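This report describes selected local features and one chain contact in the structure shown below. Please keep the structure in view while reading.

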Amino acid sequence: MRNPYEVLGVPEGAPLDQVKAAYKILAQKYQNDPSFEAQRKMEEINAAYDSIVMNAGGAYKNSGYAQGANDYADIAAKIRSGRLDDAQILLDGIPEHQRDAQWYYLKGTVLQKRGWLEDAANNFATASRLDPSNNTYKMAYNRVINARSGGYRTERRAQTGRRSGDCGYLDCCCNLLCADACCECMGGDLISCC
Amino acid sequence: MLGYVRAYKPDMKMRDYELYKGVYCSLCRALGRNYSPLAQLFLSYDFALACVLRLAAAENGCTFSKKRCPYNPAKKCMICVSKDVFDFCAHAVIITVYYKVIDNLRDKGFISKLAAALVFPAVALMHKKAARLAPDIEKAVSVAMKLQAETEVKPSLSIDEAAHPSAQALATVFALGFEGKTKEALSKIGYMTGRFVYILDAADDLEDDKKNGAFNPFSGEDISSAESRKIFAEKVRGMLNLTQSIALESLDMLEVKRFYDIMDNILLEGLSNCAERVLAKYGDKAEKSKEYTVE
C-alpha cells in the first residue's frame, strides 16, 4: 500500500484538518463514479484516510479504545509491509469478545492477500454488518460482490487492446506521410526529405 | 491440471493463435526430447500457460521457426528456438503426471486404476529423471500432495483451505527462478489459476464423487433437485469469478514484456468459457446451440 499522505495528496504529517479537507474533495470526485477504477481509487482513499485518523486517534479517544486502535494500527502496518504471518498471529491473539468491525476487516485483508478469498469475503461482510457507516469496510465488501457477479469482465473487454503491441506511433507516422503526400499534390511539402 | 486452462480461440488474433500453438508444439517437443514419445501423450494446454507466462516475463525475447511435426508431417508448426523454458515446463508436466497417476492408483474406479497401473513403471522412471533435473518443482508438488492428503481428512473444511495446497504448488512452480515484483505477480497468477482449476474440478466431479463416496469439498452441497442445482452453480460461479478477478489483477501487476494478449485471453475468456461449460451441466444455462444468429 502507498503512503496514506501521498494518496490524499497532502504533505507527510499534515494536520488532521488539512487531511479531512483533502479527503472530502477526493471523495466527492470519486464516490458517485460507478466504474471499477473509481471504486478502487475510492477504496484506497478511504483506507488512507482511516489509517491517518486511526494513528492520530489516541489523542481524543478514551484510553481503553486507544490501546485497541494502536494494536490495529500496528497490525495494519504489518499487513502493508507484507508480514502477513505476524499480522495473523497478532489478530488471532485478540480474544473473541473484543473483536469488532475493524478486527474483521483486517482479518479479511490478511486472508485476501493470502488468496483465501471466500473466508476474506465473509470477514468483510461481517465488518460492514457490524459497522455499516464505515466506507472502507463497505467498499471492500462491495468489491467482492462486484467481482462475484463478474462485473470486471465487461469492463476488461471494453479495454482490450490497450496494452497490445500495436502502439500509436506507427499510425502517427502513416498520418504524417499521408499529410506529406497531400501537401506534395498541392505543390507544398511537409517532410522535405521524402 | 486437467485441460481447463486454455485459450478461447474465437477471440484470438490469428498471430497470437499461431504463437500459442507454437508454444504448445514446443512443449511437446521438449517432452519428446527430454523424456520419451510416451511423455508426449501427457501434453496438455494447461502447461502452455506456464510456458507463455515464463516467456512473457523473461528478459530476452524468443524466436520461432517453422518445422515439421513428426506426428503430422503434412503440417508445419512453429517451434521456439530457445529451449530452457520448455524443458522446465516439461519437467513440471512429468512431475504432476506422476502424482496424478499415484492418486489414481489409490482411489479411483477399476478402469482408471488399471490404466494407472499400466503406465506407472514408465512414469516412475521419467519422474526419477524429472526430480533430479528439477528438484524445486518436485519439492513444491510433493509438499502440496502431502498437505492435500492431510487437509482432506479435516472436518468442516472451507473451500479456501481445501484449494490451498494445489494452488500453492502452482504458485511456486510459476514463480520459480524469478525475483522481486515479477515473482510476486507470477506466484499470485499461479495461485489463482490453481485455485480456479481446483474449484472447477471439484464442481465437475461432484456427482461422481457423491456416488462413489469419494472426497469432495462440495460434498455438503445439495444437488438433488433442479432448483438446488441452480443455486449450487450460482455459488460456484461466484467463487470462480472472485478468483478470476484477482488473477486478472495480478496479470496487470506483472511487467509483461510480450504475449500480453495471449495471457489476457487465457485468463479472461479461456477460464470463463471453461467454467460455463462445466456449470452448464448443473442446468442453469441453456444448451449450446449449433446455430449462429447474426443480428
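## A hairpin in chain B

In this predicted model, β1(B) and β2(B) form a hairpin, with two residues between them. Strand β1 covers residues 64-69 of chain B and strand β2 covers residues 72-80; they run antiparallel and are joined by six bridges. Two strands pair if DSSP finds at least two bridges between them. Within this pairing, B:Arg68 stands opposite B:Lys76 in β2(B). Helices (H or I, at least four residues) and strands (E, at least two) are DSSP runs, numbered from the N terminus.

Residues are numbered from 1 along each chain as its sequence is written, while chains are lettered from A and ligands numbered from 1 in the order in which they are written. Local features need pLDDT of at least 70 and side-chain atom pairs count only at pLDDT 80 or more, whereas totals for chains, interfaces and linings use all residues.

## Two packed helices

Helix α1 (residues 14-34) and helix α3 (residues 46-57) of chain B pack with their axes 9 Å apart, at an angle of about 105°. Helix α1(B) is therefore roughly perpendicular to α3(B), a class for angles of 65 to 115 degrees. The axes are lines fitted to C-alpha atoms over the stretch in contact, and angles run from 0 to 180 degrees between N-to-C directions.

From α1(B), the residues B:Tyr20, B:Val23, B:Tyr24 and B:Leu27 meet B:Phe47, B:Ala48, B:Cys51 and B:Val52 in α3(B). Contact requires C-beta atoms, placed from the backbone, to lie within 7 Å. The residues of this contact divide into eight nonpolar, no polar and no charged. Here Ala, Val, Leu, Ile, Met, Phe, Trp, Tyr, Cys and Pro count as nonpolar, Asp, Glu, Lys and Arg as charged, and the others, Gly among them, as polar.

## The contact between the chains

Chain B gives 19 residues to the contact and chain A gives 16 residues. On the side of chain B that touches chain A, α9(B) gives the most, with eight residues. This side divides into ten nonpolar, six polar and three charged residues.

## Two residues with positive phi

Most residues other than glycine have a negative phi. B:Ser156, in the loop between α6 and α7 of chain B, has a positive phi of about 45°. B:Ser156 is exposed (12 or fewer other C-beta atoms within 10 Å), with 6 such atoms.

B:Phe259, in the loop between α9 and α10 of chain B, has a positive phi of about 65°. B:Phe259 is buried (20 or more other C-beta atoms within 10 Å), with 22 such atoms.

Methods: Parallel < 35°, antiparallel > 145°, perpendicular 65-115°, else oblique. Contact = placed C-beta atoms within 7 Å.
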